Amino acid sequence: MTAIAFIGLGNMGGPMAANLVRAGHQVTGFDLSPGSLAELRTAGGTSAMSAAEALTGAEVVITMLPAGPQVRDVWLHQGGLIDVLAKQGGTRPALIDCSTIDVASARAVHEAAEAAGFAMLDAPVSGGVGGAVGGTLTFMVGGAEPAFEHAKPYLTAMGRTIVLAGGPGMGQVAKICNNMILGINMVGLSEALILGERLGLSAAKLHEICAPSSGQSWALTTYCPAPGVVASAPSNRDYAPGFMAMLMAKDMMLSQAAADGANSPTPLGALAASFYQAVCDAGEGRRDFSFVYQWLAEQDRAVVTK
Ligand code: NAD
């Protein structure tokens with residue numbers, strides 16, 4: 001049994017922490033939301049009054065926060081996790097950030113941790129809330145190999161595929177590339193479903209034909225954005241997330257910023273990013289990102305292609 005501090009118990013972090021409890025670990029969590037803390041207690045964990053309190057005696061520290069600013073805030077600010085751990089002394093816990101954030105923030109946290117004598121990993125995930133609940137997430141990890149090997153048993157308790165992508169920040173590089181593929185794919189799939197329907201072909205029939213064909217994708221077979229086709233998809237629960245459109249918009253902007261920095265051409269990524277931003281601007285950012293299908297269906301062709 002290992003003492004694990006888990007900060008950020010939202011849609012993803014909550015079930016990830018619960019899986020660590022199920023694997024026999026002693027999990028102490030902190031979140032700004034009292035409801036999330038109550039859920040951790042129900043799952044068998046312990047809630048702390050602050051992130052610093054959760055660190056007491058921790059052998060592993062995991063964060064699962066919304067974006068770069070929260071990760072910098074929690075890890076780097078005065079009284080932040082690295083500060084508190086450095087003052088605590090004793091054994092040096094494994095440090096793992098699972099949030100999806102910009103590469104620069106991930107590397108800033110790595111550098112601060114290293115300067116204080118800790119090994120840090122960026123370990124963003126793929127697989128959504130279903131993967132978090134089922135313990136089947138994919139972890140894309142950046143950091144040193146010994147730290148990766150040390151963290152692997154804990155990541156295995158929450159996921160099925162654990163891959164060392166490379167050095168500091170490389171987990172985030174893998175993650176933004178993966179989500180750019182998904183974000184573009186969901187828009188393309190939505191366009192095809194809407195086109196088929198307008199030409200008289202139902203979404204269910206198109207799904208039946210494309211799922212075993214070259215148009216196959218995770219978005220089509222697991223997460224179909226048209227309601228009434230894949231029972232477990234968010235489209236069948238009025239687009240309750242799942243993965244919020246505002247988080248997809250964030251990830252698409254992360255890949256756009258990275259592409260600018262690397263002078264890498266991503267015209268489809270840029271267009272798809274603008275659609276998720278438009279979904280957010282329409283006040284629908286807290287719905288699942290597959291809501292982009294409904295947003296597109298409401299657009300005039302002349303408006304979105306000009
Ligand atoms: P969420 O908003 O449900 O959870 C984030 C949690 O962090 C919230 O409970 C919030 O209260 C807490 N929090 C924020 N600031 C805090 C602070 N200073 N101290 C303590 N707690 C704080 O988001 P989520 O869906 O769980 O996503 C978390 C991360 O995982 C994001 O980076 C997201 O991009 C990534 N991700 C999400 C999914 C998904 O399907 N939801 C899939 C893969 C990756």
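Three helices, H9 (170-198), H13 (267-284) and H15 (301-305), each bring at least two residues to the lining of the second largest pocket; helices here are DSSP runs of H or I with at least four residues, numbered from the N terminus. This is a predicted model, where local features need pLDDT of at least 70, side-chain atom pairs count only at pLDDT 80 or more, and totals for chains, interfaces and linings use all residues. Residues are numbered from 1 along each chain as its sequence is written, and side-chain values use heavy atoms, with hydrogens and water left out.

**The second largest pocket**
- Helix H9 gives the most to this lining, with 7 residues.
- By class, the lining holds 10 nonpolar, 3 polar and 4 charged residues (Ala, Val, Leu, Ile, Met, Phe, Trp, Tyr, Cys and Pro count as nonpolar, Asp, Glu, Lys and Arg as charged, the others, Gly among them, as polar).

**Around the ligand**
- The ligand has 23 residues around it, and Asn11, Met12, Asp31, Pro66 and Thr100 are the closest (a residue is near if one of its heavy atoms lies within 4 Å).
- This shell divides into 12 nonpolar, 8 polar and 3 charged residues.
- Helices H4 (68-76), H7 (128-134) and H12 (245-262) each supply at least two residues of the shell.
- Domain 1 (3-166) and domain 2 (173-305) both give residues to the shell, so the ligand lies between them; the domain bounds come from an automatic or database domain assignment.

**Backbone and ligand atoms**
- Oxygen atoms of the ligand lie 2.9 Å from a backbone N or O atom of Met12 and 2.8 Å from a polar backbone atom of Pro66.
- A polar backbone atom of Gly242 is 3.3 Å from a ligand nitrogen atom.

Definitions and conventions:
A polar contact is a pair of N or O atoms within 3.5 Å; within protein, one must be able to donate a hydrogen and the other to accept it, and residues adjacent in sequence count only if both atoms are side-chain atoms.
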